[in-house]
Amino acid sequence: RAHAPTDDRELGPPPPGWVPSKVVCWEEIARLAPWLRFGDRLAVEVAADLLHVFRVVGSNGMQGSHLGRLETMLGRLGLTPADRSRVGLGASSKPNAFERFRKSGA
């Protein structure tokens, strides 16, 4: 989107004071979605918190509304197969090693 706000700062560490098991959830989301940036921190915080509850109590112990919210948040962060296809990563800054073999005009 042409006029979408941009923030090139990295996502960064989880909020201070989190228990180690919740930090693991933040780090997992960050590892799976390297496109997330500093401006996504609040959404990642909600998703990591819900993922932590899911991991602690399991799907049977989690309220249905919270499980649905987790699924929604993961989708919004591009962490479901369907939503991942919609993530616009922009042009790669890494050169393509095979670019020299491309035929001109292709």
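Student: In this predicted model, what covers the buried residues of H2?

Tutor: The cover includes helix H1 (20-32) and helix H3 (64-76). The buried residues of H2 are Arg 41, Val 44, Ala 47, Ala 48, Leu 50, Leu 51 and His 52.

Student: Where does helix H2 bend, and by how much?

Tutor: H2, which spans residues 41-61, bends by about 75° at Arg 55.

Student: Why is the pair of Trp 18 and Trp 26 called edge-to-face?

Tutor: Two rings pair if their centres lie within 6.5 Å, and planes over 60 degrees apart count as edge-to-face. The centres of Trp 18 and Trp 26 are 5.8 Å apart and their planes stand at 85°, so the pair is edge-to-face. The search of the whole structure finds 1 aromatic pair.

Student: What makes Trp 18 count as buried or exposed?

Tutor: Buried means under 20% relative accessible area. Trp 18 has 17%, and is therefore buried. Trp 26, at 2%, is likewise counted as buried.

Student: How do you know that Lys 22 lies over the face of Trp 18?

Tutor: The distance criterion is within 6 Å of the ring centre, joined to a limit of 35 degrees from the ring normal. Lys 22 is at 4.9 Å from the ring centre of Trp 18 and is assigned to a place over its face.

Student: Which residues have the most contacts inside the largest nonpolar core?

Tutor: They are Trp 26, Ile 29, Leu 36, Val 44, Ala 48 and Leu 77, in a core of 18 residues. H1, H2 and H3 each supply at least two residues of this core, and H2 gives the most, with 5.

Key
Residues numbered from 1 in each chain as written. Predicted model: local features only at pLDDT ≥ 70, side-chain atom pairs only at ≥ 80, totals over all residues. Heavy atoms only, no water. Phe/Tyr/Trp six-rings, centres within 6.5 Å; stacked < 30°, edge-to-face > 60°. Buried < 20%, exposed > 50% of the residue type's maximum accessible area, 1.4 Å probe, protein only. Bend = angle between axes of the 7 residues up to and from the residue. Helix = DSSP H or I, 4+ residues; strand = E, 2+ residues; numbered from the N terminus. Contact = heavy atoms within 4.5 Å. Core = buried A, V, L, I, M, F, W, Y, C linked by side-chain atoms within 4.5 Å.
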